[in-house]
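Please look through the sequence and the model below, and then read the report that follows, which moves from the chain as a whole to single residues.

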Amino acid sequence: MQKQLVLIGAKADLRFGLKQFQGLTKGLEKDHEVLAISSIFRVSHYDEGWEDWGQSLTVCFKIRTTTSAVGLYEYLAQRESALQKEAPRNLFQIYFLSYEDRVETSQNYNLPYPDFHRKPELLVPACEIYREYIHPVLNKDLAALGREQKDSNWGEFFAQGKVLRESQF
């Protein structure tokens with residue numbers, strides 16, 4: 001299979017996020033080619049269903065893989081489940097944001113991720129590492145979509161993504 005460019009996002013509780021992001025990074029680097037890791041951002045607003053989290057962290061990854069979309073979804077679901085067990089109340093989520101320019105709806109996932117363009121906590125980090133990606137439904141690149149979110153007060157820089165490749169925090 002030809003190598004595919006993929007965007008993945010992750011969100012975690014502020015207290016455990018760096019450790020969980022590091023675990024995700026190590027798994028991705030073992031099984032796929034990690035091309036870029038965004039900055040890590042502290043998210044200051046609350047999404048529906050995340051009200052009891054307090055503050056959270058978010059990060060995005062740009063990877064290249066030969067794994068199919070279905071296979072990658074299954075891999076990410078397994079990683080998410082394993083990493084959720086490491087934090088109280090399972091406060092960890094992985095977002096399968098894009099798989100090349102594929103538009104696909106299945107029982108388990110949708111590509112691109114629904115409302116990706118409306119969630120600054122995913123869009124801004126993704127734009128940082130893959131601004132030229134063209135959203136296949138909206139036909140706009142992430143740079144243009146990111147500009148639409150520039151005035152939203154959603155969060156702040158927390159750390160450089162490269163810390164996730166370091167052995168200790």
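Among the contacts in the protein chain with a separation of 6 or more, 74% are between residues 24 or more positions apart, where contact means heavy atoms within 4.5 Å. The structure is a predicted model, in which local features need pLDDT of at least 70 and side-chain atom pairs count only at pLDDT 80 or more, while totals for chains, interfaces and linings use all residues. Residues are numbered from 1 along each chain as its sequence is written, and side-chain values use heavy atoms, with hydrogens and water left out.

The protein chain holds four helices and eight strands, and along the sequence they follow the pattern β-α-β-β-β-α-β-β-β-α-α-β. Helices (H or I, at least four residues) and strands (E, at least two) are DSSP runs, numbered from the N terminus. Of the 169 residues in the protein chain, 50% are buried; buried means under 20% relative accessible area, exposed over 50%, and partly exposed in between, with a 1.4 Å probe and protein chains only.

Helix H3 (120–130) is largely enclosed by the rest of the structure, because nine of its eleven residues are buried. Among these buried residues are Leu122, Leu123, Cys127, Ile129 and Tyr130, and the buried residues of H3 pack against strands E1 (4–13), E2 (33–37), E3 (40–43), E4 and E5 (92–99), as well as against H4.

Two residues can be set side by side.

| Residue | Place | Relative accessible area |

Not counting residues up to four places away in sequence, Lys62 touches Glu33, Ile129, Tyr130 and Glu132, among others. Val137, by contrast, belongs with Val103 and Leu138 to a nonpolar patch on the surface, which has about 250 Å² of accessible area together. Patches are made of residues with over 30% relative accessible area and no salt bridge, and nonpolar side chains (Val, Leu, Ile, Met, Phe, Trp, Tyr) are joined within 5 Å, like charges within 9 Å. A salt bridge is a side-chain nitrogen of Lys or Arg within 4 Å of a carboxyl oxygen of Asp or Glu. Accessible areas come from the Shrake-Rupley method with a 1.4 Å probe, and for residues only the protein chains shown count as cover.

The accessible surface of the protein chain comes to about 8600 Å², and 44% of this belongs to carbon and sulfur atoms.
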